[in-house]
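Student: Could we go through this structure together? I would like to start with the overall picture and then turn to the details.

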Amino acid sequence: MSEISTHQYDKAQILHALFHAVMQRNDAVNQIKAAKTAIENAGPYDIIDLVDKLMSENIPLAQLKTGVNKFLNVLGNTIRKLPEVQAGEGSFVWLLQQNNLLLSEKLTRFKTLVKALNNTPNLAGLWQKAAEDLNEIAAFEAYYTIKENVLFPVIEKHWTNYRCTQLMWSFHDDIRNSLQRLATIIASPNPDLQQFNKSVGDLYFTMLAIRLRDEKLLFPQILASIPGAALDRLLQDCHDPELPFVKAPETPHKTTAETPGSPEFIDLSTGSLTAAQLLLLFNHLPVDITYVDEFDKVRFFSSPPHRIFPRSRAIIGRDVHQCHPPESVDIVHRIIEGFRSGRKSEASFWIKMKQKVILIRYFALRDTDGTYKGVIEVSQEISEIQQLKGEQRLLDWED
């Protein structure tokens, strides 16, 4: 082992031991002093690699998240002193940085409004202004969705120590929960100021922490390890949803009628269609469809006009277990194993998303011999269906 790799190994061991000392409150103060050199020399790779190892240690997720927050606070001065990356203007990482910058401005403005609410909570129009400002901040959720569905699959392809993305996804969900709680509090007839302040504190802590980790850890390591061409291709997947504040440039997309390959008809037993016709069929069904093969790899998703859950071409070939936040991975695993074993063939869930009710169904695919060939996920917005009464036998068009 070379001198450099030995030093890297020693630093990794020290940081790993320090994390557990901090998390377990085991003589943490003296451990921090003893690890001073390792702390001061920790870089993006060291921290990302450590989190990857921690994710494989089966530490309960809530406990791990608390430990990571405390540990990164110990490394706070080191992280803040890390150099800013210089992403090229118009590049994928540059766009993420610009959106982060505008988020900070909106959070600063909202902080001023929070102070005003605490001084004069009954001032006319102040809570309405808070609702408007919060809506602007809530639009940033699209940034996290693009990270999860566009950026993370590319990281998984280029990094062996990619599991930090799963932890980050869980923090994204914490932010989404804080935003929902705040919206509910503000919309109530008599907003609870104490609950409001607590939820604002939770939101600020996590949003600003994620921004710092993006800028100082994630982005530098991405630019150092992922080819620019691979990152540039991500720009075309930043339109559904769009980035919240600074948008990606429009890029030409092929229509479904321009599908490459042979125009020959495919024999489907009950009919024959071209590949272009198949895509038209899938993309005009009033449901989202995603197909995962028998090896747990995402192989296809439909693109209806109003897709419920965002998808990007970056997920094609991605392990389905990486397509969900850590909190729901166990459910995905149970469904797939139940289908693979033949014990189950269907699973259904229904959830509320703002004013919509979403029905999510999973179906096992098996060939004529009964061999497991994967699973399809079918999602549908059913609010209008739930309201149906009686019968409608006549066409209700207006001429």
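This is a predicted model: local features need pLDDT of at least 70, side-chain atom pairs count only at pLDDT 80 or more; totals for chains, interfaces and linings use all residues.

Student: What percentage of the residues is buried?

Tutor: Of the 399 residues in the protein, 43% are buried. The accessible surface comes to about 22600 Å², and carbon and sulfur atoms account for 55% of that surface.

Student: And among contacts between residues at least 6 apart in sequence, what share joins residues at least 24 apart?

Tutor: That share is 63%.

Student: Let us turn to helix packing. At what angle do H9 and H10 pack?

Tutor: Helix H9, residues 141-158, and helix H10, residues 164-187, pack at about 170 degrees, and their axes are 11 Å apart. An angle over 145 degrees counts as roughly antiparallel, so H9 and H10 are roughly antiparallel to each other.

Student: Which residues make that contact?

Tutor: On the H9 side, the residues include Tyr144, Lys147, Glu148, Phe152 and Ile155. On the H10 side, Met168, Trp169, His172, Ile175 and Arg176 are among them. By class, the contact of H9 with H10 has six nonpolar, four polar and five charged residues.

Student: H4 also packs on H10. How are those two helices oriented, roughly parallel or roughly perpendicular?

Tutor: H4, residues 44-55, packs with H10 at an angle of about 85 degrees, with the axes 8 Å apart. That angle makes H4 roughly perpendicular to H10.

Student: Which residues meet there?

Tutor: Ile48, Val51 and Met55 of H4 meet Cys164, Gln166 and Leu167 of H10. The contact of H4 with H10 comprises five nonpolar residues, one polar residue and no charged residues.

Student: Now the sheet. In what order do its five strands come?

Tutor: The order is S4-S3-S7-S6-S5 in an open sheet, and the pairing is antiparallel. S4 (298-301) and S5 (346-353) stand at the edges with a single partner strand each, so one side of each has no neighbour in the sheet. On average, neighbouring strands of this sheet are turned by 15 degrees against each other, direction ignored.

Student: How many bridges join S3 to S4?

Tutor: Three bridges join S3, residues 288-292, to S4, and the two strands run antiparallel.

Student: One last topic: where is Ala139?

Tutor: Ala139 lies in the loop between helix H8 (126-138) and H9. Its relative accessibility is 35%, so Ala139 counts as partly exposed.

Student: What is Ala139 in contact with, leaving aside its neighbours within four places in sequence?

Tutor: Ala139 is then in contact with Pro244 and Phe245. Although Ala139 and Pro244 are 105 residues apart along the chain, their C-alpha atoms are separated by 5.7 Å.

Key
Residues are numbered from 1 along each chain as its sequence is written. Side-chain values use heavy atoms; hydrogens and water are left out. Axes are lines fitted to C-alpha atoms, for helices over the stretch in contact, and angles run from 0 to 180 degrees between N-to-C directions. Helices (H or I, at least four residues) and strands (E, at least two) are DSSP runs, numbered from the N terminus. Angles under 35 degrees count as roughly parallel, over 145 as roughly antiparallel, 65 to 115 as roughly perpendicular and the rest as oblique. Contact means heavy atoms within 4.5 Å. Ala, Val, Leu, Ile, Met, Phe, Trp, Tyr, Cys and Pro count as nonpolar, Asp, Glu, Lys and Arg as charged, and the others, Gly among them, as polar. Buried means under 20% relative accessible area, exposed over 50%, partly exposed in between (1.4 Å probe, protein chains only). Accessible areas come from the Shrake-Rupley method with a 1.4 Å probe; for residues, only the protein chains shown count as cover. Two strands pair if DSSP finds at least two bridges between them.
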